Amino acid sequence: MNEEHKVRRLTIPHIVLFSATLFTTLFFGAIQQGIKLEEIFKDLNILRGIPFSFTLLSILGGHELAHYLASRRHGIAATLPYFIPAPTLIGTFGAVIKMKAPIKNRMALLDIGAAGPITGFIISTIALVIGLGYSRVEVHIARPESGSGHGIGLGSSIFFDILVRVILAINPKDYDIFLHPVAFAGWIGLFVTSLNLLPIGQLDGGHIVYALSGEWHRLISKITIPVLIVLGILGWEGWYIWAFLLIFLGLRHPPLTYPFIPLDSRRRRIGWLCGAIFILTFSPVPFSGL
């Protein structure tokens, strides 16, 4: 019990990293709102980043807390989320949890792997439904892929297109959509969800593939790498970085303690649901104009 309490408690590193990530997401959220760098700390301008920061942290935190709760439900000791601040467009590299014990069987693996993406997808959808209603729309003139209005074009996905058509009642190909910060955070949430569901290595998608069919996991991981490289050639060069990063992290999946225990039909349906979410949220060219 003492060891479990030690793993579960909120530690100083958790608090420091979350505080730093809150600051960086507020900072870059304010920059996105047009606040000049030298004026960020004047008149509490940094608080202009609250809509983006709070929404994004809710998505990332919800994703990792879902993993954490699923781990605890299966008796696997895990840390609370560690948020990662970064000097990027969105102010963070995401969040992670660390499991302190091996996963025993396919049911636990699928539950843990699927919990994060499904939760992140739901919160991102809510953010987009709210944020799109406050977004600015203009008839398209030059760049159909433009999204956020910050000189960077945001790519679309099947699901994002559906939301735009339903909520804004427009064809996204004919308009430039300048996303409200809440909607932009929701778009980032969909992008992060699709990245995590890549069927490779120890990403969430890799966990799900391994749970559904362990013998196919390594082959699917190997196939995914050249697919990402081709996507880099045809569209977004960032896929090169992801391909080599995933190779560095490893394509193998650690074995389960009891791999012979099969999945039930409900969990198989959840696995295929995650596959559908991946297809719906994946954007071959997520960014342009960088």
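Reply: Two strands are taken as paired if DSSP finds at least two bridges between them. In this predicted model, strand β1 (residues 82–85) and strand β2 (residues 92–96) are joined by four bridges, and the sense of their pairing is antiparallel.

Most residues other than glycine have a negative phi. Against that background, two other residues deserve attention. L44 has a phi near 55°, positive although the residue is not glycine; L44 belongs to the loop between α2 and α3 (50–73). L44 counts as exposed because its relative accessibility is 60%, and the cut-off for that class is over 50%. A169 likewise is a residue other than glycine with a positive phi, near 55°. The loop between α5 (158–167) and β5 (175–178) holds A169, which is exposed at a relative accessible area of 64%.

Elsewhere in the chain, R9 occupies the loop between α1 (2–8) and α2 (12–32). Beyond its neighbours within four places in sequence, R9 makes contact with H14 and L80. R9 is partly exposed because its relative accessibility is 45%, between the limits of 20% and 50%. The C-alpha atom of R9 lies 48 Å from that of Y175, a residue 166 positions away along the chain.

A nonpolar surface patch is formed by I122, I126, I130 and Y134, whose accessible area together is about 440 Å². Of these, I122 sits in helix α4 (residues 106–132) and is partly exposed, with a relative accessible area of 45%.

The chain has an average pLDDT of 91, and 93% of its residues reach at least 70. Residues 1–7, however, have a pLDDT below 50, and this stretch has six contacts beyond near neighbours in sequence. The pLDDT also stays under 50 over residues 143–150, a segment with 31 contacts beyond four places in sequence.

Conventions: Residues numbered from 1 in each chain as written. Predicted model: local features only at pLDDT ≥ 70, side-chain atom pairs only at ≥ 80, totals over all residues. Heavy atoms only, no water. Patch = residues over 30% accessible without salt bridge, like charges linked within 9 Å, V, L, I, M, F, W, Y side chains within 5 Å. Areas by Shrake-Rupley, 256 points an atom, 1.4 Å probe, with all protein chains shown as cover. Salt bridge = Lys/Arg side-chain N within 4 Å of Asp/Glu carboxyl O. Helix = DSSP H or I, 4+ residues; strand = E, 2+ residues; numbered from the N terminus. Buried < 20%, exposed > 50% of the residue type's maximum accessible area, 1.4 Å probe, protein only. pLDDT = per-residue confidence, 0-100. Contact = heavy atoms within 4.5 Å.
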